Amino acid sequence: MADANSPVYEAHFVRTPFQLLGGMKWKKLVAFRVDGEGVLLGGAPARYERQLASVPWSDITAIVVWHQRTAGNGINHIGVQRNPGAPALPGMNSHLSRVQAKSVAPHVDYELFLASRPINFWRLDPQRLQTAVDAFAPGVPVLVYSQPHLS
């Protein structure tokens, strides 16, 4: 856990029964973290360890918040845009092809889609995120993409 005066940004998943089913017991799981090393993308609570991805600042060109339209209100995501050729990351989207990803989020680059996590069961604090990125990687922008309205 980051101390209150540290620029480290860390968000935790709300505890759910999925943690118990996934063998993670009842510990706090980090959903998203920004620190001096880079960005940690947490895995889904039921598959946390297999989907956990650590991305060093040297691979990151931007942090991107984007929205996926769904039948309901949609889902916000956060991801890291990375340098071309950066190593593949584990994650819930890693099995999707370019065509499948394009049908789900046509406005998001495939590599960004693979390096993203839904903002579910945790809250994003944009101001604290920006403070952390400014402290550890001032040249890395934090971008917000919105999906174009489809008629």
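The predicted model contains an open sheet of 4 strands, arranged in the order β7-β6-β5-β8 with mixed pairing, where strands are DSSP runs of E of at least two residues and helices are DSSP runs of H or I of at least four residues, both numbered from the N terminus, and where two strands pair if DSSP finds at least two bridges between them. The edge strands, each of which pairs on one side only, are β7 (116-118) and β8 (142-145). From one strand to the next the twist averages 20°, with axes taken as lines fitted to C-alpha atoms, for helices over the stretch in contact, and angles running from 0 to 180 degrees between N-to-C directions. Strands of a sheet pair through backbone hydrogen bonds, either parallel or antiparallel. Strands β5 (residues 60-68) and β6 (residues 75-82) run antiparallel and are joined by 8 bridges, and Val65 stands opposite Ile78 in β6.

Residues are numbered from 1 along each chain as its sequence is written. Because the model is predicted, local features need pLDDT of at least 70 and side-chain atom pairs count only at pLDDT 80 or more, whereas totals for chains, interfaces and linings use all residues; side-chain values use heavy atoms, with hydrogens and water left out.

Ala115 lies in the loop between α4 (110-114) and β7 and, with a relative accessible area of 1%, is buried (buried means under 20% relative accessible area, exposed over 50%, and partly exposed in between, with a 1.4 Å probe and protein chains only). Leaving aside neighbours within four places in sequence, Ala115 is in contact with Leu41, Ile78, Gly79, Val80, Arg82 and Leu89, contact meaning heavy atoms within 4.5 Å. Ala115 and Val55 are 60 residues apart in sequence, and their C-alpha atoms are 9.2 Å apart in space.

Asn93, found in the loop between β6 and α3 (98-104), counts as buried because its relative accessibility is 11%. The side chain of Asn93 reaches the backbone oxygen of Phe113 at 3.0 Å, and, with neighbours within four places in sequence left aside, Asn93 is in contact with Phe113, Leu114 and Ser116. Gln51, in helix α2 (residues 48-51), is likewise buried, at 8% relative accessibility, and its contacts beyond four places in sequence include Leu41, Pro90 and Arg117.

Most residues other than glycine have a negative phi, and most peptide bonds are trans. Phe121, however, has a phi near 65°, a positive value in a residue other than glycine. Phe121 is placed in the loop between β7 and α5 (126-136), and counts as partly exposed because its relative accessibility is 47%.

How values were computed:
A polar contact is a pair of N or O atoms within 3.5 Å; within protein, one must be able to donate a hydrogen and the other to accept it, and residues adjacent in sequence count only if both atoms are side-chain atoms.
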